[in-house]
Amino acid sequence: MTYPRRTLRPNLPARVREVRDVTGSMREIDLVGPDVPRLRVRPGAHLVVRVPADDGEARRVYSVWRHDPASSLLSLRIALHDAGGPGCAWARKTEPGDRVTLEPPRTKITLDDSAAFHVFAGDETGAVPLLAMRAALHRSAPGRPVIGVFESASESDEMPGLPGVPALPWVHRGRASAVASRVLLRAVAALDLPAGSGAAYLAGESETCRLLQRVLIEQRGFSRRSVHTQPQWQPGRPGFGAGTDD
Ligand SMILES: Cc1cc2nc3c(=O)[nH]c(=O)nc-3n(C[C@H](O)[C@H](O)[C@H](O)COP(=O)(O)OP(=O)(O)OC[C@H]3O[C@@H](n4cnc5c(N)ncnc54)[C@H](O)[C@@H]3O)c2cc1C
């Protein structure tokens, strides 16, 4: 848990300030709210957004892309997918001025400062926390080797990172499924890794994360402890990760 429980409300009111298309399949939503400056947001943190749904509200989890306490700003990046539940519907339709409730941020994967090098890999949804972590690393340890690869459907779906941070490569699955993605598995198996003891961060579709973890441990010499995994969605599992036990 990364927030001071006693001082923050469990339901944080927020308002949409701006919405923009990052790519044709991803939208960025800027939120402002009175509690935003006090939130403790570690790189890669996520929070629950209570989005409108047919029966009232649905809880959906989103990574914090940017947190700017000085301007009370919190930005999310939400992938628009065809199966489209309430999270996607909100991202497609929301407009400046809309109100929404947030829950305080939590953190599952954190940067390992002791690692000799860092590896990032994931799909578009995983790229949101991982590129935010990659940017934090660039600020705190600019010389530390960073390797990685992300996967999107096509070149036009590649999500740009934060300005001034060196980019990592993308591979494309085309019309293939993002579930248990062979394209990403092959790309991670082929990464050119430096010597030493590294840390790896994986995020995105659940089965892809599991298989990538296996490749890193069984083929690339990582220990189980040095691979940090954040599954973010799974076919047929609406509201993945939004349970009370996450
Ligand atoms: C820790 C954590 C961090 C997350 N961070 C982000 C983030 O920064 N950006 C982001 O976009 N998402 C993120 N997610 C995923 C997000 O919580 C939702 O699962 C996603 O937006 C789908 O919500 P929905 O309401 O549209 O669909 P749901 O109602 O949840 O699901 C409807 C159907 O869509 C399928 N589905 C869900 N996601 C995808 C997808 N990407 N591609 C294809 N089918 C899919 C589901 O399997 C289900 O069958 C994160 C999840 C977790 C657990």
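Mentor: Start with F120, which is buried at a relative accessible area of 0%. Buried means under 20% relative accessible area, exposed over 50%, and partly exposed in between, with a 1.4 Å probe and protein chains only. This is a predicted model: local features need pLDDT of at least 70, side-chain atom pairs count only at pLDDT 80 or more, and totals for chains, interfaces and linings use all residues. Residues are numbered from 1 along each chain as its sequence is written, and side-chain values use heavy atoms, with hydrogens and water left out.

Now the partner. Y201 is buried too, at 0% relative accessibility. The ring centres of F120 and Y201 are 5.0 Å apart and their planes meet at 25 degrees, so the pair is stacked. Rings of Phe, Tyr and Trp (its six-membered ring) pair if their centres lie within 6.5 Å; planes under 30 degrees apart count as stacked, over 60 as edge-to-face and the rest as tilted. F120 sits in strand β8 and Y201 in strand β11 (residues 199-205), so the pair ties together parts 81 residues apart in sequence. Helices (H or I, at least four residues) and strands (E, at least two) are DSSP runs, numbered from the N terminus.

The model has 3 aromatic pairs by this rule. One of them is F117 with F222, edge-to-face, at 6.1 Å centre to centre and 80 degrees between the planes. F117 lies in the loop between β7 (99-102) and β8 (118-122), F222 in the loop between α4 (206-218) and β12 (227-233), and 105 residues separate them. F117 is buried at 2% relative accessibility. F222 is buried at 7%.
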